[in-house]
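Have a look at the model, then work through the points below.

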Amino acid sequence: MNKTNTSDTSKMRLQKYMAHCGVASRRSAEAMILEGRVSVNGQVVRELGTSVSPEEDTVTVDGRPIRQAETHVYILLNKPAGYITSVKDNFGRPTALDLVKTDRRVYPVGRLDYDSEGLILLTDDGALTHQLTHPSHEFEKRYFVETDRLLTDPELSRLRTGVDIRDYVTQPAYVERARGKGLILGIHEGKNRQIRRMVEALGAKVRLLRRLSIGPLELGSLKPGAWRYLTPEEVETLKRLK
């Protein structure tokens, strides 16, 4: 065990290795390290710069050895409203993981707020999670949005060019009208409650928000609360996203 050595390609950052093993997201893994819950070769590690060799070093979390899974799990879930997109909740609210039956420790890729519904990806593949959530890897997410009033054409133009949501100006969005007061809205960003804030900036409110797709993955006819495994072709397509 030593500090990261760029000449040794067999080593990786400890928090990255933990994510690859499906222990937690990188951010949560960093917190575990700082809390002294992680040991490498019997020695407690509290430094985030530590690197390990998966082939040579023994890593334990809370006294339990971890290792990279030979295969990963990829699950597409249609999250209903009233569930949070987290592994657990301090307030006892139901989580998206409560809807999925698997013996693997999977984690949500990205977020979908409590009042929203639609497509969520769950996996224990830390490398893919990092790829899909890193700001440098932009891909479109599309939503069905129903507002409390019919938005005007000039307001839709504002969404297409960028909206000031107080502390941030959004990138141009894909917008088309749907049934009634609905819209199909596509964005490449993932700011907190971004679509709701974009609509509020126009003086309207969101009545229904449903994520329809993440990149090439589509919700399709999957019913609320239902889930399925991704096909090998879908996994390969995701891994090729840049």
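1. A definition before anything else: helices (H or I, at least four residues) and strands (E, at least two) are DSSP runs, numbered from the N terminus. This is a predicted model, where local features need pLDDT of at least 70 and side-chain atom pairs count only at pLDDT 80 or more, while totals for chains, interfaces and linings use all residues. Residues are numbered from 1 along each chain as its sequence is written, and side-chain values use heavy atoms, with hydrogens and water left out.

2. The overall picture. The protein has six helices and 16 strands, and its C-alpha trace spans about 65 × 40 × 35 Å along the principal axes. Of its 242 residues, 45% count as buried (under 20% relative accessible area; exposed is over 50%, partly exposed in between, with a 1.4 Å probe and protein chains only). Take the contacts (heavy atoms within 4.5 Å) between residues at least 6 apart in sequence: 64% of them join residues at least 24 apart.

3. Domains. You'll find domain 1 at 12-65, domain 2 at 74-135 + 217-240, and domain 3 at 141-214; such bounds come from an automatic or database domain assignment. Between the C-alpha centres of domain 2 and domain 3 there are 22 Å.

4. Where domain 2 meets domain 3. Here twelve residues of domain 2 contact ten of domain 3. The two domains bury about 990 Å² between them, 44% of it on carbon and sulfur atoms; buried area is the accessible area (1.4 Å probe) that two parts lose on being put together, summed over both. Asp113, Glu117 and Leu119 supply 43% of what domain 2 buries against domain 3, more than any other three residues.

5. The rule finds three salt bridges between domain 2 and domain 3 (a side-chain nitrogen of Lys or Arg within 4 Å of a carboxyl oxygen of Asp or Glu). Look for the salt bridge between the side chains of Asp113 and Arg193, at 3.8 Å, N to O.

6. What does the side of domain 2 that touches domain 3 consist of, by class? It has five nonpolar, two polar and five charged residues. For the classes, Ala, Val, Leu, Ile, Met, Phe, Trp, Tyr, Cys and Pro count as nonpolar, Asp, Glu, Lys and Arg as charged, and the others, Gly among them, as polar.

7. Helix 5. Six of the eight residues of helix 5 (194-201) are buried, so this helix is largely enclosed by the rest of the structure. The buried ones are Gln194, Ile195, Arg196, Arg197, Met198 and Val199. They pack against strand 11 (141-147), helix 4 (153-161), strand 13 (182-187) and strand 14 (206-214). After helix 5 comes Gly203, with a positive phi near 85°.

8. Gln194 up close. This helix 5 residue counts as buried because its relative accessibility is 3%. Leaving out neighbours within four places in sequence, Gln194 contacts Ile165, Thr170, Ile187 and Glu189.

9. Now Arg93. Is Arg93 buried or partly exposed? Arg93 counts as partly exposed, because its relative accessibility is 33%. Arg93 sits in the loop between strand 8 (74-79) and strand 9 (107-108). Not counting residues up to four places away in sequence, Arg93 touches Ile84 and Tyr114. Gly82 is eleven residues from Arg93 along the chain, and their C-alpha atoms are separated by 8.1 Å.
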